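Subject: Structure for you to look at

Hello,

Here is the structure for you to open. My notes on what was found in it follow below.

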Amino acid sequence: MSSGPLRPDPEEAIVAVWRNESVRLLAGLARMTHDLDLAEDLAQDALVAALEQWPHEGIPRNPGAWLMSIAKRRAIDGFRRDEVLRRKVALVGHELEEGEMPDLAAAVDYIEDDVLRLMFLSCHPALAPDSRTVLTLRLVGGLTTAEIARAYFAKESAVGQRISRAKRTLAEGGASFELPVGEERAARLREVMQTIYLVFNEGYAATSGPSWTRPELCLEGMRLARMLAALAPGDPEAQALQGLLEIQGSRLAARADAEGSPVLLEDQDRTRWDQLLLRRGLAAVDRAKALASSGTPGGSYLVQAMIAACHGRARTPDQTDWAEMARLYDVLAAAAPGAVIEVNRAVAHGRAFGPDAGLAILAAIPDGALAGSHLPAGVRGDLLHRAGRHVEAAAAFEEAAAATANAEEQELLQKRAAACRNDDSSSDA
């Protein structure tokens with residue numbers, strides 16, 4: 001019943017499977033145990049079992065079901081050993097007693113709901129906003145504590161403590177593991193959207209690791225956004241989030257060349273954009289705009305989705321309506337001010353009105369606002385290069401390369417620095 005022994009790197013193959021299955025596994029276990037720590041421990045036990053068995057026996061045809069089966073057995077064994085946990089069996093025994101446990105096919109049927117339920121739990125109002133986000137990134141996004149720390153420019157130990165406190169708060173407060181309804185669901189919707197957006201972004205431009213992108217996180221983000229849009233069909237922001245992610249997700253395949261090296265947006269082969277995702281994304285943006293124009297206010301996701309749609313509708317880079325994008329970024333900066341928005345606004349203004357316009361916006365960002373991020377230096381390098389200031393551009397790209405922890409992004413920035421130096425040499429010749 002397996003796909004055969006693993007070759008040539010079994011551990012790498014198992015890690016790949018784990019990345020695809022771990023969130024659904026954790027979500028299902030959390031639903032059944034009502035205990036996040038226990039669910040995480042059981043999921044880790046299942047991973048250890050996979051590392052021991054799959055190299056010899058091969059990956060099962062349904063690895064998610066295999067992992068869930070192992071985790072359930074470990075749960076039952078543990079409950080039987082521990083008198084305290086035995087009482088939990090009585091509480092949720094209809095789900096966890098061996099003879100009454102749902103079959104694996106049934107468990108798989110509920111997987112999507114489990115992940116969304118886990119996301120709403122992570123965005124519980126008892127948690128502070130920053131705790132909601134890091135907990136969701138850990139549980140639903142599958143990010144490690146170190147990856148979350150890099151994404152937030154925070155210390156790893158601080159993020160770890162925040163995650164532990166959040167789980168303790170939910171446990172001590174007796175938080176419900178059921179999907180909220182009515183006003184309670186509406187109140188958590190914004191936090192859930194923000195978290196889905198962060199999960200997608202970590203996949204679209206990974207903060208660390210050997211690859212520029214993590215497509216599995218993008219796919220998960222788009223899937224969750226579609227589910228959320230179906231859950232809230234009258235909310236323009238939920239529709240806009242789906243549109244934004246699907247338009248950006250349509251470019252995933254074109255973001256790397258045949259050798260796997262990053263390809264910037266203006267250099268991409270647009271025939272490689274996923275037309276189904278693009279059409280679906282543009283349709284979601286149109287729904288969001290229609291809802292907003294009928295009286296339900298839109299917000300920052302709608303503006304961002306409209307910006308993404310400007311890129312999506314341009315068949316060539318020259319057809320991009322940069323003036324409209326600059327206007328939309330001005331609207332976004334007024335509605336949701338922030339340093340990252342300003343960096344992107346600098347790009348749009350630099351394209352629409354010349355590099356000096358973009359450089360002026362960058363210069364106005366307060367020192368330290370994005371400490372540790374490569375973004376300001378990378379954009380400054382691009383604008384300086386377009387202004388013909390090649391030596392300064394090379395220095396900025398090198399600064400950006402030193403600031404990023406992503407290997408492929410480092411390589412791209414170093415190549416751009418080298419190209420600037422070559423351009424400067426050519427102009428001197």
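Helices (H or I, at least four residues) and strands (E, at least two) are taken as DSSP runs and numbered from the N terminus. Counted that way, the chain has 20 helices and two strands.

Please keep in mind that this is a predicted model, in which local features need pLDDT of at least 70 and side-chain atom pairs count only at pLDDT 80 or more, while totals for chains, interfaces and linings use all residues. Residues are numbered from 1 along each chain as its sequence is written, and side-chain values use heavy atoms, with hydrogens and water left out.

The chain and its cores

A residue is called buried under 20% relative accessible area, exposed over 50%, and partly exposed in between (1.4 Å probe, protein chains only). Of the 429 residues of the chain, 50% count as buried. Contact means heavy atoms within 4.5 Å. Among contacts with a separation of 6 or more, 65% are between residues 24 or more positions apart.

In soluble globular proteins, nonpolar side chains tend to be buried together. A nonpolar core is here a set of buried Ala, Val, Leu, Ile, Met, Phe, Trp, Tyr and Cys residues joined through side-chain atoms within 4.5 Å. The largest such core has 84 residues, and the members that touch the most others are L25, L29, L118, I196 and L245. A second, separate core has 20 residues, including L370, A400, A401 and A417.

Around L29 and H34

Which residues does L29 contact, leaving aside its neighbours within four places in sequence? They are H34, A39, L42, A43, M68 and A71. H34 sits in the loop between α1 and α2 and is partly exposed, at 38% relative accessible area. Most residues other than glycine have a negative phi. H34 is not a glycine, yet its phi is positive, about 55°.

Helix α10

The whole structure contains three aromatic pairs. One of them is F200 with Y204, which is stacked, with 5.6 Å centre to centre and 20° between the planes. (Rings of Phe, Tyr and Trp, the last by its six-membered ring, pair if their centres lie within 6.5 Å; planes under 30 degrees apart count as stacked, over 60 as edge-to-face and the rest as tilted.) Both residues belong to helix α10 (residues 182-204), where they are four residues apart, about one turn of the helix. F200 is buried at 0% relative accessible area, and Y204 is buried at 11%.

G203 is also in helix α10 and is buried, at 0% relative accessibility. Beyond its neighbours within four places in sequence, G203 contacts T213, R214, P215, L217 and C218.

Helix α14

H311 is in helix α14 (residues 300-313). Is H311 buried or exposed? At 10% relative accessibility, H311 counts as buried. Setting aside neighbours within four places in sequence, H311 contacts R251, L265, R270, W273, T320, W322 and M325.

Pockets and cavities

Both are found on a 1 Å grid over the protein atoms alone: a cavity is a set of points where a 1.4 Å probe fits but cannot get out, a pocket is an open set with protein on both sides within 12 Å along at least five of seven lines, and lining residues have an atom within 4 Å of a point. Grid points are joined across faces, edges and corners, and a volume is the space filled by probe spheres set on the points. For the linings, Ala, Val, Leu, Ile, Met, Phe, Trp, Tyr, Cys and Pro count as nonpolar, Asp, Glu, Lys and Arg as charged, and the others, Gly among them, as polar.

The second largest pocket has a volume of about 590 Å³. Its lining has 25 residues, and W18, S22, V23, G142 and L143 lie nearest its centre. Helix α1 (10-33) is among the elements that give two or more residues to this lining, and α1 gives the most, seven residues. The lining divides into nine nonpolar, seven polar and nine charged residues.

There are two cavities of 30 Å³ or more. The second largest cavity has a volume of about 40 Å³ and is lined by A27, A30, R31, D114, R117, L118, L121 and F177. Helix α6 supplies the largest share of this lining, four residues. Five of the lining residues are nonpolar, none polar and three charged.

Regards
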